[in-house]
Amino acid sequence: ASYQGNITAIDLKQGQIAWQEKISSIHDLVSVRSRIIAIDEKDSIKGFGLSTGAILWQQDGLRLRSVSSPVVLGNNFAIGDFEGNVHILDSKNGSFVGRKKVSNRPILEVVSKGAYLIVLDDSGRLFYLSSS
């Protein structure tokens, strides 16, 4: 994915573009359950089919909330926002599964390790969360 560009999947065996969709993003992409999760420039979250590139769902509940890049958390994914919340969303349909307020500061980064999340806010504080 690229800013003011497209998300592009490349068939590595043939060296050709498998599919391409227009989306402007500065965030990392994640792959969960045959879905590519991407966030556009207005923080709209989209689930693309891994093999087809078709938009399977779109979640606008976090629009303009300065979200972090998504990270995989089991069959779900996690995203931080500017109010210090960490949101867990279902990768199958984009619905909200959970939310936890961890800081009064914006969340800059979320990292996953198995069933755990490490969250960094903009004051430099780290939080360690368990999904169980």
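## An all-strand chain and its open sheet

Three strands, in the order E11-E12-E13, form an open sheet with antiparallel pairing. Strands here are DSSP runs of E with at least two residues, numbered from the N terminus, and two strands pair if DSSP finds at least two bridges between them. Strand E11 (107-113) and strand E13 (126-130) are the edge strands, each pairing on one side only. On average, neighbouring strands of this sheet are turned by 20° against each other, direction ignored; the axes are lines fitted to C-alpha atoms, with angles from 0 to 180 degrees between N-to-C directions. Strand E12 (residues 116-121) is joined to E13 by 5 bridges, and the two run antiparallel. Tyr116 stands opposite Ser130 in E13. Strands of a sheet pair through backbone hydrogen bonds, either parallel or antiparallel.

The model is predicted: local features need pLDDT of at least 70 and side-chain atom pairs count only at pLDDT 80 or more, while totals for chains, interfaces and linings use all residues. Residues are numbered from 1 along each chain as its sequence is written, and side-chain values use heavy atoms, with hydrogens and water left out.

### The chain as a whole

The protein chain has 13 strands and 0 helices. Its C-alpha trace spans about 45 × 30 × 25 Å along the principal axes. The radius of gyration is 15 Å, which agrees with the value near 14 Å that a compact globule of 132 residues would have. That radius is taken over C-alpha atoms, and the globule rule is 2.2 Å times the number of residues to the power 0.38.

Of the 132 residues, 44% count as buried. Buried means under 20% relative accessible area, exposed over 50%, and partly exposed in between (1.4 Å probe, protein chains only). Among the contacts with a separation of 6 or more, 29% come from residues 24 or more positions apart; contact means heavy atoms within 4.5 Å.

### Salt bridges

The structure holds 6 salt bridges, each defined as a side-chain nitrogen of Lys or Arg within 4 Å of a carboxyl oxygen of Asp or Glu. The table lists some of them.

| Pair | N to O distance |
|---|---|
| Arg33 and Asp90 | 2.9 Å |
| Asp81 and Arg65 | 2.7 Å |
| Asp122 and Arg105 | 2.8 Å |

The side chains of Arg33 and Asp90 meet in a salt bridge. Arg33 lies in the loop between strand E3 (30-32) and strand E4 (35-39) and Asp90 lies in strand E9 (residues 85-90), so this pair ties together parts 57 residues apart in sequence. Arg33 is partly exposed at 37% relative accessibility, whereas Asp90 is buried at 16%.

Asp81 forms a salt bridge with Arg65. Asp81 sits in the loop between strand E8 (76-80) and E9, and Arg65 in the loop between strand E6 (55-59) and strand E7 (71-73), 16 residues apart. Asp81 is buried, with a relative accessible area of 0%, and Arg65 counts as buried at 18%. Arg65, Asp81 and Glu83 are linked in a network of salt bridges.

Asp122 forms a salt bridge with Arg105. This pair links the loop between E12 and E13, where Asp122 lies, to the loop between strand E10 (96-101) and E11, which holds Arg105, 17 residues apart. Asp122 is partly exposed at 34%, and Arg105 is partly exposed at 40%.

### Nonpolar cores

The largest nonpolar core has 12 residues, including Val71, Leu73, Val86, Ile88, Leu117, Val119, Phe127 and Leu129. A nonpolar core is a set of buried Ala, Val, Leu, Ile, Met, Phe, Trp, Tyr and Cys residues joined through side-chain atoms within 4.5 Å. E7, E9, E11, E12 and E13 each supply at least two residues of this core. Leaving aside neighbours within four places in sequence, Val119 is in contact with Val86, Val102, Ile107, Glu109, Val110, Arg125, Leu126, Phe127 and Leu129. Another core, of 11 residues, lies apart from the largest one; among its members are Val30, Val32, Phe77 and Leu89. In soluble globular proteins, nonpolar side chains tend to be buried together.

### Gly98

Gly98 lies in strand E10 and is partly exposed, with a relative accessible area of 24%. Not counting residues up to four places away in sequence, Gly98 touches Val86, His87 and Ile88. Gly98 and Ile88 are 10 residues apart in sequence and 4.9 Å apart in space, C-alpha to C-alpha.

Technical notes
Helix = DSSP H or I, 4+ residues; strand = E, 2+ residues; numbered from the N terminus.
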